[in-house]
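Work through the exercises below with the sequence and the 3D structure open. Each task is followed by a stepwise solution.

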Amino acid sequence: MHPAFSVIFLTTLIGTGQGLFLALYTGESYAAVKLLPAQDGAFYAWGSLVSVVLLGLGLVASFFHLGHPERAWRTATKWRTSWLSREVIVLPAVLGAIAVYGAVHALGWNLSIFGIDTGVENDLTLILGAGGVLLTFALFLCTGMIYACIKFLQEWSTWLTPVNYLLLGTASGFSLATVYAAMLAPELVNFFGGWAIIILVSAFITRSASLIRNARLKPKSSLQTAIGVRHKTMTQRSQGQMGGSFNTREFLHGAPMWLFRSIKWTFLVLVFPIPLILLSLGMNEASVAVLLSAFGIQYLGLLLERWFFFAQANHPQNIYYQTIS
Amino acid sequence: MTQLALVIDLNVCVGCHACVTSCKEWNTSGMAGGMADDNPYGADPTGTFFNRVQTFEVGEYPCSETVHFPKSCLHCEDPPCVPVCPTGASYKREEDGIVLVDYDKCIGCKYCSWACPYGAREFDEHEKVMKKCTLCVDRIYDENIPEAERKPACVRACPTSARLYGDVHDPDSEVSVAIREAGGYQLMPEWGTNPANHYLPRRKTKIRIHEDELVRADNPLKKETDRPTGPIDEPTLDDSTSW
Amino acid sequence: MRKRIETYFDPLPFYFEPLEVQLSDKQKYPLSAITQRPMAMYHSWDSQNAWLRQIHAHNYLYMSPDLGEKEGFGDGDWVWVESQWGKVRCMCRFSEAVEPGTVWTWNAIGKSAGAWNLDQGANESKKGFLLNHLISEELPAHADGEHLSNSDPVTGQAGWYDVRVRVYKADEDEDKVVYPQFKAVASMPGEASKRPKWMTYFAGKFAKGGSR
């Protein structure tokens, strides 16, 4: 498939935004049961703002891949059948939930709902945040399922796809949370950093699993099933046009093979081992700069990972577009 | 229920591209248009076509066959492009099974083209909406056209009658008969899309001659076996020696 | 002429090696070259049509893969095809439907740069070629005459498919365009002048009633 930059930015930005919110809420719930020192509302409020900005930027980026963005409101109507439609409903819902969560923290409304002394200032946010977490998981699911539900895109059609979106986005968000904590709440750096590493390692396992699976894939479609002529030896002589068409632009990544392969190894290095080392280093030295570089390098690597995710998919329609003459 | 579709006979298609150009002509100025062309007179011209004819070679010299393969939207009975559309612009008509795109609703996200395993959909770079074969829905129901001509433009244009049009759910229609009698098949059946368009395979024509057709049954002289046979290396005068 | 009439004007057909082949070096030029007419257009008439150009933007020399194996080039490589009359550089396409001693291409697709009111960079002039440059309308000068027509001796039908050629790989450092290239044809009076591409961005944007 041809990787669209707007979608690459969309999925990485919202992934990081969602992961950051998950990190904040995890921190808050740990604080609620007194496993972590409590933070004041401003910590969560500013963090939510960053998360909202990332999600908002992702939403804006997504408009760039539409031919008619002014009609985008219609996309919410087919949620019964389309994962894209569901994502379009859930994404603003997550944005709204995180915004409300951050606002309630900022305003400091304390309703003492539980009536017990929770470790946090404000237990309304615990409930709102829980809703936000559910919506966040739903958003990861919707985003991943948009690609996984197309069963003949065999590279994508696996439960590993939404799991990878979840783990990679969360890892990225926790890395950002580590940076954020290093700046505003240094006592939480080891917590966020530790979890960032754990999630990163899990993401490495699942992403490698999908790479290995894809390397072993046997395509179900062949020239024989594509045109229905059952002969062992067949080649295409002409694809019907000689100047290219939508079918030759949209479904091929267009990069030379050496670049395609090198991007795979590059992202594997930039997303997993280097940030892991930098996070550990940064946690040890409590250095914002090192942690920031960990997040930055990882994000760059995630952009490449997303490009590779799209580029690796072989659409069966490519069987019909092999030769020109 | 009705399911209109095309049956394309690969046994007679000669790859003349008449269906390609007639489809482009009918649709580019019609309800399904425009169909933009880029670089029309420059390098690597490209454009939106609903129907394309491809060529494949089967086998190796000297036992090879050149198969010309027209491809357009197959109007699947279980179209994968319909449920994925977030706006409902991609839909399948209840009354005749034609899969269409509502250009006013389409946001141009291209998701439906990802969902089509056949690559039957083309995105128009100028109108920024997805377009595809409409089975000439504006032609087949047009009362201003004589009844016999209410067929898709490609079917009318084909000089070898390689394209047949009708209702595949009606067992007596031309297309159903062709599918049954010539072994019509669907493309990429492994994905469960159940395309309505079928293709008829290459067939070898065999003339079978029976022994008793070589001997006349009503020969008045009944002298078949007594025919004089002259020496082979002398000049003969064709049939006159047998009288 | 007398001898020709004696030999060839026989009421019953018999096989004879085509006239040009008799006068060609069959060892140097072992292959036959023929052309076919594209089905989508009538020869070159209206082949500049925007739709037909997408179907046949340029042409390849079709040949058996055996030829590529023997001469050391692959499918799609640039090759020279040469006859006793001239040579042409073009791209090849392997095909199982071609018998190993023959090569063929489409007629009438190759055009000169700027001709037919096409852009100078059009595929027809950069990648499309005509086999015509390899074919002569006269037989080589020989004992019977210096300027005899390259035609069938009985019907007079042009014997252009009698041409014998050889095919070999073009060097890697040669330009990846067809040879021969001609000086670009200037616009004819009355032809629409070529507007620069950037102006098309504004086309229709300021029209009354809004752009399409």
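**Exercise 1.** Find the bridge partner of A:Met234 in β4(B), then describe how the two strands pair.

Solution. Step 1: B:Val58 is the residue of β4(B) that bridges to A:Met234. Step 2: A:Thr235 lies opposite B:Glu57 of β4(B). Step 3: β1(A) and β4 (residues 52-58) of chain B pair in the antiparallel sense over 4 bridges; pairing requires that DSSP finds at least two bridges between two strands. Strands (E, at least two residues) and helices (H or I, at least four) are DSSP runs numbered from the N terminus.

The model is predicted: local features need pLDDT of at least 70 and side-chain atom pairs count only at pLDDT 80 or more, while totals for chains, interfaces and linings use all residues. Residues are numbered from 1 along each chain as its sequence is written, and chains are lettered from A and ligands numbered from 1 in the order in which they are written.

**Exercise 2.** Is β4(B) buried or exposed, and what is its partner within chain B?

Solution. Step 1: 7 of the 7 residues of β4(B) are buried, so the strand is largely enclosed by the rest of the structure. A residue is buried if 20 or more other C-beta atoms lie within 10 Å of its own, exposed if 12 or fewer, and partly exposed in between, with C-beta atoms placed from the backbone. Step 2: B:Arg52, B:Gln54, B:Phe56 and B:Val58 point one way, and B:Val53, B:Thr55 and B:Glu57 the other way. Step 3: β4(B) runs antiparallel to β5 (residues 65-71) of chain B, joined by 7 bridges. Opposite B:Arg52 stands B:Lys71 of β5(B). Step 4: the hairpin of β4(B) and β5(B) has 6 residues between the strands, and B:Gly59 takes a positive phi near 85°.
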